[in-house]
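Reader: I would like to learn how to read a few features of a structure. Please show it, then start with the terms.

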Amino acid sequence: MSGNRHLLSIFLLTASLLMSPAAAIAKDGAQQPASQVGVGAQYDTTHVYVAPEDVDKFVASFLATFGGRSTKQVVATVTPTPSTTTSQLLQTPAGTVSLFGFKTPIPYPFGLERTGYLVTDIDEAISLAKASGADVLVAAFPDPIGRDAVIQWPGGVNMQLYWHTTKPSYAAFETIPENRVYVSPERANAFTRAFLDFSHGKIVSDDAKAPGVEIGRSNDTYRRVRIESVFGKMTVFISDGHLPYPYGRELTGYEVTNLKDTLAKASGAGAKILVESFTSDHRDSAVVQFPGGYIAEIHATAR
């Protein structure tokens with residue numbers, strides 16, 4: 001009889017583990033398609049849109065804060081319908097920005113996508129995204145140096161996929177930035193499962209009671225999922241959406257060696273500190289706004 005009780009206890013423990021959100025996601029995520037379409041984190045960019053008159057001010061401030069360089073600015077059409085924008089890459093040791101200063105109205109849904117991910121084959125990547133649960137908002141179209149598409153994940157998270165005619169070669173980052181994604185509890189598992197299928201990534205942590213100070217609510221807790229893949233790092237913030245400004249507005253978190261020094265550089269280069277430095281989950285964090293309106297989180301390992 002005691003043996004039966006022991007077997008029943010093991011069964012109930014196993015069942016409870018399998019019923020947890022992380023286990024459910026991992027179980028479904030294990031049934032991944034064979035294709036790997038990602039290239040590397042240094043080829044993934046945050047898409048930043050600023051007014052044309054703010055482009056140079058943003059470039060100067062961002063590079064003064066993180067170091068690095070800008071590619072030559074060009075004027076081009078980067079959408080499938082008529083438009084004109086300045087375009088350049090800001091390549092820093094902590095992350096890359098695709099910067100756009102549209103001279104014409106921005107065609108929908110451009111400006112709503114948070115990132116651009118380089119893929120090995122655009123058609124294969126679109127097929128894999130669809131099979132993983134994404135919608136295609138903008139079908140593949142040619143741009144001056146390759147092809148692009150815009151997809152949307154469960155929870156309303158928009159991303160751009162891109163492919164270059166001539167294969168690019170960029171140095172690896174010194175620190176890998178994190179894509180900061182905010183979704184509702186109702187869509188969190190669907191988003192996470194879909195992105196894991198697409199990226200072949202893994203869940204690094206799934207904290208059901210993460211400190212609310214990380215989303216501006218110091219007296220509360222929320223669920224936080226951290227993911228790593230060939231596309232880099234991602235943090236998924238799952239809450240009721242009651243977010244004080246500027247949380248939810250920042251697209252990317254940049255890791256630096258010394259937060260105090262970096263914030264001093266940012267302030268000296270015209271950026272505003274929106275959230276002063278605080279410590280949580282073994283990191284010191286702050287939120288800043290650069291000229292032109294771009295908001296970013298910056299963090300360093302807590303000492």
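Author: Start with accessibility: buried means under 20% relative accessible area, exposed over 50%, and partly exposed in between, with a 1.4 Å probe and protein chains only. This is a predicted model, where local features need pLDDT of at least 70 and side-chain atom pairs count only at pLDDT 80 or more, while totals for chains, interfaces and linings use all residues. Residues are numbered from 1 along each chain as its sequence is written, and side-chain values use heavy atoms, with hydrogens and water left out.

Reader: Is His282 buried or exposed?

Author: His282 is exposed, at a relative accessible area of 67%. Its place is the loop between E15 and E16; helices (H or I, at least four residues) and strands (E, at least two) are DSSP runs numbered from the N terminus. Asp281 lies in the loop between E15 and E16 too, and is partly exposed at 35%.

Reader: Which residues does the cis peptide bond with omega near 0° join?

Author: That bond runs from Tyr108 to Pro109. Pro109 sits in the loop between strand E5 (95-102) and strand E6 (115-118). Another cis bond joins Tyr245 and Pro246, with omega about 10°; Pro246 belongs to the loop between strand E13 (232-238) and strand E14 (252-255).

Reader: In what order do the eight strands of the open sheet lie?

Author: Strands of a sheet pair through backbone hydrogen bonds, either parallel or antiparallel. Two strands count as paired if DSSP finds at least two bridges between them. Here the order is E11-E12-E13-E10-E14-E17-E16-E15, with mixed pairing. Strand E11 (202-211) and strand E15 (272-280) are at the edges with a single partner strand each, so one side of each has no neighbour in the sheet. On average, neighbouring strands are turned by 20° against each other, direction ignored; the axes are lines fitted to C-alpha atoms, for helices over the stretch in contact, and angles run from 0 to 180 degrees between N-to-C directions.

Reader: How many bridges join strand E16 to strand E17?

Author: Seven bridges join E16 (residues 283-289) to E17 (residues 295-301), and the two run antiparallel. Val287 stands opposite Glu297 in E17.

Reader: Is Glu297 buried or exposed?

Author: Glu297 counts as buried, at 2% relative accessibility. Its side chain makes a polar contact of 2.7 Å with that of His299. A polar contact is a pair of N or O atoms within 3.5 Å; within protein, one must be able to donate a hydrogen and the other to accept it, and residues adjacent in sequence count only if both atoms are side-chain atoms. Leaving aside neighbours within four places in sequence, the residues in contact (heavy atoms within 4.5 Å) with Glu297 include Glu178, Arg180, Arg283 and Val287.

Reader: Which residues touch the most other members of the largest nonpolar core?

Author: In soluble globular proteins, nonpolar side chains tend to be buried together. A nonpolar core is a set of buried Ala, Val, Leu, Ile, Met, Phe, Trp, Tyr and Cys residues joined through side-chain atoms within 4.5 Å. The largest has 29 residues, of which Trp153, Leu161, Phe191, Phe195 and Met234 touch the most other members. Helix H5 (185-199) is one of the elements giving two or more residues, and its six residues are the largest share.
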